[in-house]
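Please look through the structure below before reading on. The paragraphs that follow take the ligand site and then the domains.

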Amino acid sequence: MARPAVLVARAVFPETVQRLARHFEVEANPADRIYDRAELIEHLRGKAGALTTASERIDAELLDAHPQLRVVANMAVGYNNIDLAACSARGVLVTNTPDVLTETTADFGFALMLAAARRLSESERFLRSGAWNRWAYDLFSGTDVHDATLGILGMGRIGQAIARRGALGFGMKVIYHNRSRLDPALEAPLGARWVDKAALLRESDHLVLVLPYAPASHHAIGAAELATMKPTATLTNVARGGIVDDAALAAALRARRIAAAALDVFEGEPQVHPALLGLANVVLTPHIASASVATRRAMAELAADNLIAALGGGRPPTPLNPEVLARSARASGA
Ligand code: DGY
């Protein structure tokens with residue numbers, strides 16, 4: 001019987017590709033070319049499965065061009081690049097890579113928050129430029145993180161991991177806003193308190209965004225929200241571009257409406273709003289919060305596990321639309 005064909009849309013670890021090749025006819029992309037829309041459609045020809053990343057948009061038009069596509073295994077926890085409803089409607093199973101990146105992403109979110117508060121990038125750039133010629137009492141003085149109020153917007157797994165670091169490691173007071181409150185058994189060890197969004201903005205010394213991107217979270221932080229934050233506050237985004245209105249943030253940073261920001265994700269990335277690039281009080285990194293070698297390996301392997309299980313007729317470890325599995329089991333009389 002012919003083996004299913006799969007597309008690995010971006011370069012990943014060669015071992016992951018080799019493993020997939022033991023199960024499937026694999027078309028890989030070791031040169032890591034970013035396929036434009038037409039190329040992606042072309043490369044998906046005849047493929048039953050695809051290993052994708054946040055850079056591939058999977059929507060109704062693409063799915064209609066490929067009725068043979070059965071599984072999309074996204075190598076990311078976020079899946080705003082995928083129209084999940086369109087996939088479910090067409091019986092296409094979608095998987096993501098939760099859990100394996102939680103602690104690594106939380107480490108990085110915390111590092112960004114520290115960097116913004118203590119002006120790390122700005123002071124390093126100053127030193128490297130040769131401008132440092134004396135100690136001064138106020139040289140790059142920033143904002144304390146220990147004992148401060150840590151605000152978290154989006155208290156999922158990564159939000160909770162950041163809260164743990166703040167509460168248990170830095171003595172921070174944790175407040176959060178989320179659609180639903182955490183179980184009190186999870187709140188208690190962190191001393192975490194649910195507050196409404198207005199109070200979160202008003203009370204946070206360091207606000208970290210960890211909510212998923214959806215139309216409802218588009219520009220959740222814009223000029224109006226920034227205007228209610230403390231002038232000494234920092235804002236960190238390790239979630240998705242588009243949650244922050246980058247132009248409004250640049251204006252707020254320039255006017256010192258808030259003290260500093262740290263961004264790992266951007267609207268329209270890899271483009272970065274030019275107004276941000278010219279500002280000293282923002283730390284900018286290229287969407288690398290989950291990028292430790294071990295975690296990226298675990299993400300690639302989990303995406304491969306999902307593809308192998310799903311195309312082999314089994315239950316993938318981390319499905320996003322398990323109703324598709326139930327439907328195909330019913331259809332096959334299983
Ligand atoms: C994720 O897993 O969602 C990371 O942001 C990588 O895209």
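Which residue has a side-chain N or O atom 2.7 Å from an oxygen atom of the ligand? That residue is Arg 240. The model is predicted, so local features need pLDDT of at least 70, side-chain atom pairs count only at pLDDT 80 or more, and totals for chains, interfaces and linings use all residues. Residues are numbered from 1 along each chain as its sequence is written, and side-chain values use heavy atoms, with hydrogens and water left out.

The backbone also takes part: a polar backbone atom of Val 77 is 2.7 Å from an oxygen atom of the ligand, and one of Gly 78 is 2.9 Å from a ligand oxygen. Of the 230 Å² that the ligand exposes when taken alone, the protein buries 85% (accessible areas by the Shrake-Rupley method with a 1.4 Å probe; for residues, only the protein chains shown count as cover). The residues around the ligand, each with a heavy atom within 4 Å of it, include Ala 54, Leu 101, His 287 and Met 299.

The protein chain is divided into domain 1 (5-99 + 293-332) and domain 2 (102-284), with bounds from an automatic or database domain assignment. Their centres, taken over C-alpha atoms, are 32 Å apart. Eight residues of domain 1 are in contact with five of domain 2 (heavy atoms within 4.5 Å). Between the two domains the count is one salt bridge, a side-chain nitrogen of Lys or Arg within 4 Å of a carboxyl oxygen of Asp or Glu. Asp 99 forms a salt bridge with Arg 157, with 3.4 Å between the closest N and O atoms.

Notes. A polar contact is a pair of N or O atoms within 3.5 Å; within protein, one must be able to donate a hydrogen and the other to accept it, and residues adjacent in sequence count only if both atoms are side-chain atoms.
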